[in-house]
Amino acid sequence: MSDSAPAPSEGPHTSDALRIRWQDALLAARGGAAGPDPAPYAENLLDRWAEPQRRYHTTAHLTQVLDRVDTLAGHAADPDLVRLAVWFHDAVYRPDRSENEERSAALAERALPEAGVPDATTAEVARLVRLTVTHDPADGDTNGEVLCDADLAILAAAPREYAAYAAQVREEYGFVPDDAFTEGRSAVLRQLLELPRLFRTPHGAAEWETRARQNLTTELELLTH
């Protein structure tokens with residue numbers, strides 16, 4: 001993709017930058033209202049994103065999705081709210097379980113009111129997190145379109161970065177035998193390729209769609225031949 005970049009490395013500087021981004025998004029979501037110190041919430045979320053079972057769904061992925069939201073922000077009705085949803089969308093992640101998105105949304109519903117976020121904003125964040133189960137926002141759901149496009153943008157990475165992403169996904173499912181993984185992953189790739197469009201924002205459609213389909217097709221061929 002024309003604006004692709006290497007995945008950010010993880011380390012102290014990355015964590016410091018993420019803490020600032022969390023604070024900015026949370027304070028914006030409060031709308032000027034008083035609330036508790038954002039820092040402990042950032043630490044809890046960063047700890048979650050650094051859990052040892054993660055290979056792709058790490059703070060590097062978190063940073064990359066936030067960067068993509070920045071790219072797409074002009075399309076969103078409320079980009080700061082979308083950024084909060086990014087923080088929570090994989091906050092609960094166990095590759096051997098199927099309810100990660102629901103548990104992540106429930107975490108947002110518990111944490112955000114305590115952090116001073118209004119109920120309506122919390123509800124929208126949780127809705128967006130749940131939307132990442134299907135990545136199928138309704139037409140006109142600009143917040144959902146931005147979140148889903150940002151989350152799927154890795155599919156349009158340069159070939160070498162895409163290959164690293166695919167390898168990291170395989171590592172996360174290291175407990176799955178090769179034959180079963182090939183069958184499951186191939187089904188996911190075919191399902192994505194059968195979608196009429198992967199990206200809903202104008203930028204995503206123009207810059208990411210073609211490359212993403214090339215990458216998905218290549219991975220599927222490598223898995224099945």
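**View 1. The crossing of helices H5 and H6 is right-handed.** In a right-handed crossing, the near helix is turned clockwise from the far one by less than a right angle. The model is predicted; local features need pLDDT of at least 70, side-chain atom pairs count only at pLDDT 80 or more, and totals for chains, interfaces and linings use all residues. Residues are numbered from 1 along each chain as its sequence is written, and side-chain values use heavy atoms, leaving out hydrogens and water. H5 spans residues 100-114 and H6 residues 119-131; helices are DSSP runs (H or I, at least four residues) numbered from the N terminus. Their axes come within 8 Å and cross at roughly 165 degrees. Axes are lines fitted to C-alpha atoms over the stretch in contact, with angles from 0 to 180 degrees between N-to-C directions. H5 and H6 are therefore roughly antiparallel (over 145 degrees).

**View 2. Side chains where H5 meets H6.** Contact means heavy atoms within 4.5 Å. On H5, the residues include Glu101, Ala105, Glu109 and Leu112. Among their partners on H6 are Thr122, Val125, Val129 and Arg130.

View 3. In H2 (residues 39-49), Tyr41, Ala42, Leu45, Leu46 and Trp49 are buried (under 20% relative accessible area, 1.4 Å probe, protein chains only).

**View 4. Ala29 in helix H1.** H1 covers residues 12-30. Ala29 counts as buried because its relative accessibility is 13%. Not counting residues up to four places away in sequence, Ala29 touches Leu84, Val117, Pro118 and Thr121.

Conventions. Helices (H or I, at least four residues) and strands (E, at least two) are DSSP runs, numbered from the N terminus. Angles under 35 degrees count as roughly parallel, over 145 as roughly antiparallel, 65 to 115 as roughly perpendicular and the rest as oblique. Buried means under 20% relative accessible area, exposed over 50%, partly exposed in between (1.4 Å probe, protein chains only).
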